[in-house]
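Here are some friendly notes to read beside the model. Please keep the viewer open as you go through the points.

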Amino acid sequence: MKTKVYYGEKLFDPRWIEKRKRILHRDNNQCVICGKTGGKLHIHHKQYHFIKRLQKHADPWDYQDSLLTTLCESCHSRGHYRYKVPVKYI
Ligand SMILES: [Zn+2]
Ligand SMILES: [Zn+2]
């Protein structure tokens, strides 16, 4: 939920659109938890990075592919409700 606000205006950045496309393709355009295809798929960050030197969070496309995963809307919100995404200070 919070991520939506945080990433809000960045979701239309071409770097994110490219990254998102690649992750969706890797995950066969389906939710990795329930296998749902189509509809609105989200890319979830398993970890957030906070760059100490710049005192800011890394941009959403600035993550290695292994930290990103495809989820449907309901698995995504359920996941965020249950777990807090760990923040790594880099
Ligand atoms: Zn799902
Ligand atoms: Zn997420």
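Is isoleucine 51 buried or exposed, judged by its relative accessibility? At 15% relative accessibility, isoleucine 51 counts as buried; here buried means under 20% relative accessible area, exposed over 50%, and partly exposed in between, with a 1.4 Å probe and protein chains only.

1. Ground rules. This is a predicted model, in which local features need pLDDT of at least 70 and side-chain atom pairs count only at pLDDT 80 or more, while totals for chains, interfaces and linings use all residues. Residues are numbered from 1 along each chain as its sequence is written, chains are lettered from A and ligands numbered from 1 in the order in which they are written, and side-chain values use heavy atoms, with hydrogens and water left out. Helices (H or I, at least four residues) and strands (E, at least two) are DSSP runs, numbered from the N terminus.

2. Isoleucine 51 and its surroundings. This residue is found in strand β2. Leaving aside neighbours within four places in sequence, isoleucine 51 is in contact (heavy atoms within 4.5 Å) with Lys56, His57, Ala58 and Ile90. Lysine 56 is also the bridge partner of isoleucine 51 in β3. Lysine 88 is 37 residues from isoleucine 51 in sequence, and the two are 8.6 Å apart in space, C-alpha to C-alpha.

3. The open sheet. Three strands make up an open sheet with mixed pairing, in the order β3-β2-β5; two strands pair if DSSP finds at least two bridges between them. At the edges are β3 (56-57) and β5 (87-89), each of which pairs on one side only. Strand β2 (residues 48-51) and β3 run antiparallel and are joined by two bridges.

4. The β1 and β4 pair. These two strands pair in the antiparallel sense over five bridges, and histidine 44 stands opposite threonine 69 in β4. Five of the five residues of β1 are buried. Which residues of β1 lie on each side? Leu41, Ile43 and His45 are on one side, His42 and His44 are on the other, and both faces are covered. As background, in a regular strand the side chains alternate between the two faces of the sheet.

5. Helix α2. Residues 14-26 form this helix of 13 residues, which reaches 18 Å from its first C-alpha to its last, close to the 18 Å expected at 1.5 Å a residue; the expected span is 1.5 Å times one less than the number of residues. Trp16, Lys19, Ile23 and Leu24 are its buried residues. Seen down the axis of α2, these fall within an arc of 135°, so they line one face of the helix; the arc is that of the directions from the helix axis to the C-beta atoms. The buried residues pack against β1 (41-45) and β4 (68-72), whereas the face turned away from the buried side carries the exposed residues Pro14, Lys21 and His25.

6. The two ends of α2. Aspartate 13 has its place in the loop between α1 (2-7) and α2 and is buried, with a relative accessible area of 17%. At the start of α2, a side-chain oxygen of aspartate 13 reaches to within 2.8 Å of the backbone nitrogen of arginine 15. Asparagine 28, which follows α2, has a positive phi, near 55°.

7. The zinc site. The protein donors of the zinc ion (ligand 2) are His44 (ND1), His76 (NE2) and His80 (NE2), lying 2.0 Å from it. Donors are N, O and S atoms within 2.8 Å of the metal (3.2 Å for Na, K and Ca); water is not among the atoms, so sites may look incomplete. Along the chain, the zinc donors follow the spacing H-x31-H-x3-H. Histidine 44 lies in strand β1 and histidine 80 in helix α3 (residues 73-82), so the pair ties together parts that are 36 residues apart in sequence. Both histidine 44 and histidine 80 are buried.

8. Helix α3. Cys75, His76 and His80 are buried in this helix. They cover an arc of only 130° around the axis, which puts them on the same side of α3. Tyr81 and Arg82 are exposed, on the face turned away from the buried side. Serine 77 is also found in α3 and, at 29% relative accessibility, counts as partly exposed. A polar atom of the serine 77 side chain lies 3.3 Å from the backbone oxygen of serine 74.

Note on methods. Polar contact = N/O pair within 3.5 Å; in protein donor to acceptor, adjacent residues only side chain to side chain.
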